[in-house]
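Student: I have a model open and would like to learn how to read its features. Could you walk me through it?

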Amino acid sequence: MADAELEQIRKARLEQLKAQSGGGAGSSAAGQGASQAEQQKQQEAEARQSILNQILHPEAADRLGRIRLVKEERATDVENRLIMLARTGQLRQKVTEAQLKELLNAVADNKEEEKIVVNRRKNWDDEDDDLLDL
């Protein structure tokens with residue numbers, strides 16, 4: 001009898017904790033969906049990191065990490081390109097830091113820098129021209 005009572009107490013406590021953390025049974029299902037999406041995202045990130053650890057020398061991985069701190073988009077582009085090369089079998093050995101620099105230069109060349117163009121209006125009636133007449 002003591003074991004049955006203990007099991008009931010455990011179940012009640014577990015339900016109480018679920019209700020407190022999940023906000024009840026209704027939001028528990030929504031919480032599980034978000035949790036599953038978060039888990040899947042985390043698994044994808046771990047898979048990417050695993051692939052990168054296999055194809056990058058430690059120095060190259062450090063450089064890529066430093067680039068990620070400054071320009072996350074560029075680091076992601078380089079990672080995607082490296083993973084694609086690895087999956088298609090074009091990488092024969094681990095990528096060194098020098099090879100990573102070459103790849104970064106290639107990615108930088110492909111990116112067109114934003115240019116600021118200033119169009120000045122011609123024949124603008126400028127009030128400052130009146131000062132020249134003095």
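Tutor: Happy to! Let's begin with a charged pair: Glu79 forms a salt bridge with Arg48, with the closest N and O atoms 2.8 Å apart. A salt bridge here is a side-chain nitrogen of Lys or Arg within 4 Å of a carboxyl oxygen of Asp or Glu. This pair links distant parts of the chain, as Glu79 lies in helix H4 and Arg48 in helix H2, 31 residues apart. Helices (H or I, at least four residues) are DSSP runs, numbered from the N terminus.

Student: Before we go on, what should I know about the model and its numbering?

Tutor: This is a predicted model, where local features need pLDDT of at least 70, side-chain atom pairs count only at pLDDT 80 or more, and totals for chains, interfaces and linings use all residues. Residues are numbered from 1 along each chain as its sequence is written, and side-chain values use heavy atoms, leaving out hydrogens and water.

Student: Is Glu79 buried or exposed?

Tutor: We call a residue buried under 20% relative accessible area, exposed over 50%, and partly exposed in between (1.4 Å probe, protein chains only). Glu79 has 8%, so Glu79 is buried.

Student: Which residues is Glu79 in contact with?

Tutor: Contact means heavy atoms within 4.5 Å. Leaving aside neighbours within four places in sequence, Glu79 is in contact with Arg48, Leu52, Leu64 and Arg68.

Student: Which residues do salt bridges join into one network?

Tutor: Start with Arg68 and Glu72, whose side chains meet in a salt bridge at 3.9 Å, N to O. Through shared partners, salt bridges join Arg48, Arg68, Glu72 and Glu79 into one network. Glu72 is exposed, with a relative accessible area of 52%, while Arg68 is partly exposed at 26%.

Student: How do I read the sides of a helix?

Tutor: An α-helix has 3.6 residues a turn, so residues three or four places apart point the same way. In H4, the buried residues are Ala75, Val78, Glu79, Leu82, Ile83 and Leu85. They cover an arc of only 160 degrees around the axis (taken from the directions from the helix axis to the C-beta atoms), which puts them on the same side of H4. On the other side of H4, Glu73 and Arg87 are exposed.

Student: And what comes just after H4?

Tutor: Gly89 does, with a positive phi of about 80 degrees.

Technical notes
Helices (H or I, at least four residues) and strands (E, at least two) are DSSP runs, numbered from the N terminus.
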